[in-house]
Amino acid sequence: MKIEVRRHYFSENYTIGKLYIDGGYFCDTLEPSTTAKEYPAVKTGTYSLSIVWSPKFGCYMPRIEVPNRTGILFHVGNYPHDTKGCVLLGMNTIKGSVTASKVTFNSFFDMLLDHIVRFKNAIVVEFKNK
């Protein structure tokens, strides 16, 4: 499975993109600004994805394995302050935020788990700037 995040809008407070799974559009994404000092958006590149226990969320979560960074997850949230360096999933129906994040994330996570159980092969995530 290949997940691709294509970023298309950059502001000083957030980054908006579109997430594709095996080439098909799935949802919109919200990340921190690419220039944020403390928790910037993930650098462009290709990374592996793993499912790990998150003490913060109290459940298993999809983690993007970014060198020299820890705890970069796909998770639920609506606003730039919810990202903390992670990638939020939802629909970009309001400027600078995503809506329907919980239902979008749950659907995404179910797809990941189904893929892992059925195919038992790697999942990669590629980040691109438009």
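Buried means under 20% relative accessible area, exposed means over 50%, and partly exposed lies in between (1.4 Å probe, protein chains only). The model is predicted: local features need pLDDT of at least 70, side-chain atom pairs count only at pLDDT 80 or more, and totals for chains, interfaces and linings use all residues. Residues are numbered from 1 along each chain as its sequence is written, and side-chain values use heavy atoms, with hydrogens and water left out.

**View 1. Phe26 and Phe108 form a tilted aromatic pair.** Rings of Phe, Tyr and Trp (its six-membered ring) pair if their centres lie within 6.5 Å; planes under 30 degrees apart are stacked, over 60 edge-to-face, and the rest tilted. Phe26 lies in strand β3 and Phe108 in helix α1 (residues 101-119), so the pair links parts of the chain 82 residues apart. Helices (H or I, at least four residues) and strands (E, at least two) are DSSP runs, numbered from the N terminus. Phe108 is buried because its relative accessibility is 0%. Phe26 is buried too, at 18%. Phe26, Phe74 and Phe108 make up one aromatic cluster.

**View 2. Tyr20 pairs with Tyr25 and carries a charge over its ring.** The structure holds seven aromatic pairs. In this one, the ring centres are 5.9 Å apart and the planes are at 70°, so the pair is edge-to-face. Tyr20 is buried at 14% relative accessible area, whereas Tyr25 is partly exposed at 41%. The charged end of Arg6 sits over the ring of Tyr20, 3.9 Å from the ring centre. Such a charge is NZ of Lys or CZ of Arg within 6 Å of the ring centre and within 35 degrees of the ring normal.

**View 3. Ser33 is buried in a loop.** The loop runs between β3 (24-31) and β4 (45-54). Ser33 has 2% relative accessibility. Its side chain reaches the backbone oxygen of Ser11 at 3.4 Å. Leaving aside residues up to four places away in sequence, Ser33 touches residues including Tyr14, Thr15 and Pro40; contact means heavy atoms within 4.5 Å.

View 4. A disulfide is a pair of cysteine sulfur atoms within 2.5 Å. The structure holds zero disulfides. Cys27 is buried, at 0%. Cys59 is partly exposed, at 29%.

Definitions and conventions
Polar contact = N/O pair within 3.5 Å; in protein donor to acceptor, adjacent residues only side chain to side chain.
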